[in-house]
Amino acid sequence: MAMPYKTLLVDDAGPVRGVLINRPDVRNALNAEVIDELGRCFAAWQSDLDLRCVVLSGQGDKAFAAGADIAAMATMQPWQARTFAAAAHATAALMESCPAPVIAAVNGFALGGGLELALCADFIYAADNAKLGFPEVGLGVIPGFGGTQRLATRVGVGRAREMIFSGRILTANEALAWGLANAVLPGEQLIAEVTKLAHIIASKAPLAVAEAKRAMRLGQGMPLERGLVFEQELFAGLFATEDQKAGMAAFLEKRPPKYNAR
């Protein structure tokens, strides 16, 4: 049974799940409740063997998430800001460690905390009206939900510095050219196309997809030599799974495979 949420719309059935941030009246701005509910949602999916892929987006066609809720942050003291950021980092860690791939479907504004949330996804598809950036320095702060660390892994250090230091907002096509987005689609086609891709991913061997995600995520923080050894270990370990045997037998017998995440 789906868990009740006040700020999210969650499609919790089937191998492909959908999560919509549901605060369209404030362009899906991220407050403490949104952060908490996203964390609870992804925590519940950490060991869900039926989950294959997640599509994350924002309600409406104006914004994925237009940033953290400035009205809620304006009067924060340093200890409150630290608590808020710590909660966001905990949620980000749950998103990144989700065994199933997460695709961010950026429909409109993804600014500040909204872009930081999208960066926790495995990759980003953007609507043609999307705007992505970090305006924090114009508000007297810096990205505090992981943006200073994660952005460079997508666009390179130089471009990440340019975006963060200047507050530059990228169009969807600029985000595509910089490597921040994987694709740009007409807004009315975005969710359908991302869902189609999610179902393609869902058709693959789930343990293999999860281990590929783990190899790439954890390997980024390793020296190359250690990352290569880590990859070998994960590759070899998959030969102890039923899915590996099912997948290779199906290939040799020229029939579709059936995977059970075992």
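**View 1. C120 in the predicted model.** C120 is buried, with a relative accessible area of 5%, in a structure that is a predicted model. The closest cysteine sulfur to that of C120 belongs to C98 and lies 12 Å away, which is too far for a bond.

**View 2. C41 and its closest cysteine sulfur.** C41 also counts as buried, because its relative accessibility is 1%. For the sulfur of C41, the closest cysteine sulfur is in C98, at a distance of 8.8 Å, and this is again too far for a bond. With a disulfide taken as a pair of cysteine sulfur atoms within 2.5 Å, the count of disulfides comes to zero.

**View 3. Strand β7 and its surroundings.** Strand β7 spans residues 123–127, and five of its five residues are buried, so the strand is largely enclosed by the rest of the structure. The cover extends to both faces of β7, with F123, Y125 and A127 buried on one side and I124 and A126 buried on the other.

**View 4. Pairing of β7 with β5.** Strand β5, made up of residues 102–106, pairs with β7 in the parallel sense, and four bridges join the two strands. Within this pairing, A104 stands opposite I124 of β7, and I124 is one of the buried residues of that strand.

**View 5. Pairing of β7 with β10.** Strand β10, which covers residues 183–185, pairs with β7 over three bridges, and the sense of this pairing is parallel. Here Y125 stands opposite A183 in β10, and Y125 is buried on the side of β7 that also holds F123 and A127.

Key
Residues are numbered from 1 along each chain as its sequence is written. This is a predicted model: local features need pLDDT of at least 70, side-chain atom pairs count only at pLDDT 80 or more; totals for chains, interfaces and linings use all residues. Side-chain values use heavy atoms; hydrogens and water are left out. Buried means under 20% relative accessible area, exposed over 50%, partly exposed in between (1.4 Å probe, protein chains only). Two strands pair if DSSP finds at least two bridges between them.
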